[in-house]
Amino acid sequence: MTEKLDIDHLRQWIGRSTAATDIVTAQLVKGLRATLFQDVGEPKAGDAAPFTVHWCLAQPVFPMSMLGPDGHPTRGGFLPPVPLPRRMWAGGEIEFLQPLRVGDESTRTSRIADVQMKSGSTGTLCFVSVEHSISSPRGVAIRERQDIVYREMTSNAPTPAKVPPPPPMAQHRETHVSDPVLLFRYSALTFNGHRIHYDRDYVTKVEGYPGLIFHGPLQAALIIEMAARLRSGKPPKTFTYRGVQPLFEGSEFSINANDGGESMELWTANAEGQPTMKGTAVW
């Protein structure tokens, strides 16, 4: 049974901050390029890294004794100790100011911006918004807001889905397969121990999902890279995105874009063409 959620207590975390530093290495850039279906190449000092390389940098490291049953660190510390057991990346907004480059020492400063409780179809939800500023020796490179959602663990059978609307048409589309190795590689690059991405017994028998779950940040990274390719390598000034529904292992998925000039609508979709993440890029 889930512990009662004391929102007033959790909101005391608003304003807490932390900072961490890491190096953008050539090996990291090679691994991320490979995972994002890019040419791996031989990155050299000064070469631009993939646009979301900051999600691989300076990730928190905890001893095994401090991990919870889901593979995340036990609750508390920098993030508020939300007692709801399911945790996922819900969306956010990124502002790209300049690229991070191979050899850069990068510092991420993070601050808890908000904690909100809401009710949804699956029960109580708690949203934690975290603001990040990522800098390089040349100044601020990226500003970002991440929205993390915590949910209850439900044991009821899922409600039968309504007939989905027709999938949206896309001007630009590429497809890949949601392979478990792809998910493992991204978990390794981001030092993400969350078991929903690699432990099939845990995700199906404990959290009740039909299979391994594709990372939200990995979907966002693929979307951003597509947007930049369609604009001759230039990333958007801002990218706002949100998760729509989980994307699971073992099936084809697509990355899609409709270009409207100053902005671009982008989304990932499952094998049936239904969006799993939606985003808007603005130049």
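Is leucine 5 buried or exposed? I found it buried, because its relative accessibility is 13%, where buried means under 20% relative accessible area, exposed over 50% and partly exposed in between, with a 1.4 Å probe and protein chains only.

Before going on I noted that this is a predicted model, in which local features need pLDDT of at least 70 and side-chain atom pairs count only at pLDDT 80 or more, while totals for chains, interfaces and linings use all residues. Residues are numbered from 1 along each chain as its sequence is written, and side-chain values use heavy atoms, with hydrogens and water left out.

Leucine 5 sits in the segment before helix H1 (7-10); helices (H or I, at least four residues) and strands (E, at least two) are DSSP runs numbered from the N terminus. Setting aside neighbours within four places in sequence, I listed its contacts (heavy atoms within 4.5 Å) as Leu10, Val82, Pro83, Leu84, Met117, Thr124 and Cys126. The C-alpha atoms of leucine 5 and cysteine 126 are 8.7 Å apart, although 121 residues separate the two along the chain.

I turned next to the strands, which pair if DSSP finds at least two bridges between them. Strand S7 (residues 238-243) pairs antiparallel with strand S2 (residues 86-96) over five bridges, and threonine 238 in S7 is the bridge partner of glutamate 95. S7 is also joined by six bridges to strand S10 (residues 275-282), again antiparallel, with tyrosine 241 opposite glycine 279 in S10.
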